[in-house]
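Hi everyone, thanks for coming.

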Amino acid sequence: MNKKRYFILLLLASLFLSSCRGILRIDQTKMMGRKGNNVKRIVCLNPDYEVLISTKDQTQKSYQKSASKESTFNKMLDRNARKNGIQLQIIDNEDLNKHDASFFNDLAPLKQELLQVSYLQNFDNVRNNTSKFRLGKVIGKHEQGPLISPRFSYLADIYGTPFFSINGIATHKKPKKGKLLLLLTIPPVGIASFFFQDVDTYYYTIIADVRSAEIIYREVRQVNLRATEANLNSLLYDSFHIISK
Amino acid sequence: MNLLKILIGNKIWGLVFIVFLFSNKWSLGQVSVFMNNYTPIEIKGEIPEEYMKGILADAQIEIDVSDKALLNKDDEFITTTSFSIKEMFVSGNIYFNDTLSAYVQKVAKTVLLPNGLDQEIRVFVGRQPYPSANIWMDGTLIINVGLLALLENESQLAFVIAHEATHYVKKHPYEQYANSNELDAIQKRTLENLKSRINFSNQQELEADRKAIDMVRRAGYQPKEGVKVIDFLKAKRNTQVEFEEIPSLGLPVSTRFKCEENEYKYFKALYNEKIPYQKKTENLDIRYHNLTSQTMALGLGELNIFSQEEFDYIQAISGFEEVENAFRDANFYRSIYLSLKLLKSYPENSWLNCKLAENLFYIAQYSEMGNIDRLLVDFQKIEEEDYAALYCMFSKMQTEDIWFTAYGYIQKQFEKFGDKNETIGFLYPRLREISYGMEDAKSYYNTYLENFPGGKYNVYVKRKLNE
């Protein structure tokens, strides 16, 4: 094998290995796993897009980069939901006008509640579950999800659907570590590593059914890929496909 | 839950236990309009223009960063400030078009106008149930309900506003940012550096106190009241509850969970032994002494330019809002603690009693799930000894004990307010459903629907009944 072919093979191998690294964890109630679950319309509460940049000493949020990506992310959410037959009503604070004061009574507290409950409760706390484990992929099916306050149930009448979600992307750019060592030990991979950033992208979804006052679906994906439009579209499509099934 | 059923026969224990828990001599003033009920603030009307500025990304905030000597990273500073403010506004944690905001803005105008700052500083009230106020370099000043509930008169509020306004005039937030950016990575990690940063900030606090006295005097308020504000921040007022009464209630239930002084002081010590907090306490002492000497020879001003009654009304609302906001933050222990303090002044307030019941319900629910540790939001942050004692007591209780306490209290409130207070009207059937099953709870759920036809829980209850 000549040097050039050796280099290309190693480069492809390293790219393949890096692109395949990922984790998917889905927890859902049995209702979500059922065919024709009727999650056809979801109110999406102010989607988040966060760009985190780490240096050797600290991790900081890049507000400017985060803000610039938000509207594109919203469009991608909408497009991929529609492709899977789900109508997504995105409530974005950027679209609020002076008549939308009720946002602060209803939806902002609901979002806070969903985030809090996601921290305070696990799906496992509520009822026993049966989980399917696959390499890098965990799907847990549960009788019941984490409980939110039933005081939000009236929102089902106002918005014409009981399903409310939080969707978000977080990309984390990590400092380049050990690349010099890689260059010295496996030169082709070392060279290749200088061209690619070490980035983790996380996508998360939490869906609550305010009528039954529980979180019915929670998904976290982590891939070792940059948050390009193509990569995100594939994540979002797969996610909405699972939700719509 | 079986134990709960057995104990229900003795339900009065739970009630007595809670009601007498804080039987002490201290109480807040009373505002007669809140003796029987309270309705938490709901946002109404149009979103004000200055609030919209805080929400929309394309509404650029204006910060004067012309002083390049202070900082090279001015763009970064503006962006970080701008987005932090936006996040805060959009979170729903800032009030608008409400009684609290209107009052605070009125007092702020009285303070800021004679000092030429009324056009530059925008004052808002935040929902945080902690005594704090913050100003940003775009002139956004947020005073939290936790602080409003602690103050006693307009002069003290005027001092807080003037103090924060000085931080703005002197560009302290900007200097703080520059100061932390100048440190290199190794410095940032050292304890000495942490102390020096606290000292740097204390120099700014002392300067803000000094200038605030002048501003308050110019506005016609009483400058000596500033000393009391610092005193409150030292948590002296919070510890006026005679906490030694808590372990010596002599009631059967309370004796079981009695915490000795060394036990509950452990929770407070967690806070007090931290270096930044020790330093903060030392610094508050310095500020207290400086302010005392600076205001000693000063003449009297007006304690209130508007009226003490109006301030008392605002303070009472802030107290109720603190309880509500701590609950919203799932900080159930703090919400209970604040409720118990307010109940001294408003023992028959239905909203307050029912909110306490609701907090107990959620603590019991989380205890049942095995996740009670995650509710310890204030762990390592407790300054008040009576709060530490309450915390300690809950830490000793088993799930059955908490359910038992919650059940007794909820049932009693349901008997009193079940047809008036929507929360308790819903909570009691929910509790019966958990304890005895849906069949038993059905009639209670139906009663809820009859009493509250347009209630917030209606969709949930109807679904339950149709299941």
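How many residues does helix H7 of chain B have, and how far does helix H7 of chain B reach from its first C-alpha to its last? Helix H7 of chain B, residues 154-169, has 16 residues and reaches 22 Å, close to the 22 Å expected at 1.5 Å a residue; that expected span is 1.5 Å times one less than the number of residues. Helices here are DSSP runs of H or I with at least four residues, and strands are E runs of at least two, numbered from the N terminus.

A quick word on the source: this is a predicted model, where local features need pLDDT of at least 70, side-chain atom pairs count only at pLDDT 80 or more, and totals for chains, interfaces and linings use all residues. Residues are numbered from 1 along each chain as its sequence is written, with chains lettered from A and ligands numbered from 1 in the order in which they are written.

Back to our helix. In H7(B), 15 of the 16 residues are buried, meaning 20 or more other C-beta atoms, placed from the backbone, lie within 10 Å of a residue's own. After H7(B) comes B:Lys171, with a positive phi near 55 degrees.

What does H7(B) lie across? Strands S1, S2 and S3 of chain B. These form an open, mixed sheet in the order S1-S3-S2, where pairing takes at least two DSSP bridges between two strands. S1 (122-126) and S2 (133-135) of chain B are at the edges with a single partner strand each, so one side of each has no neighbour in the sheet. S1(B) and S3(B) run parallel, joined by five bridges; B:Val123 partners B:Leu141 in S3(B).

Definitions and conventions. A residue is buried if 20 or more other C-beta atoms lie within 10 Å of its own, exposed if 12 or fewer, and partly exposed in between; C-beta atoms are placed from the backbone. Two residues are in contact if their C-beta atoms, placed from the backbone, lie within 7 Å. Axes are lines fitted to C-alpha atoms, for helices over the stretch in contact, and angles run from 0 to 180 degrees between N-to-C directions.
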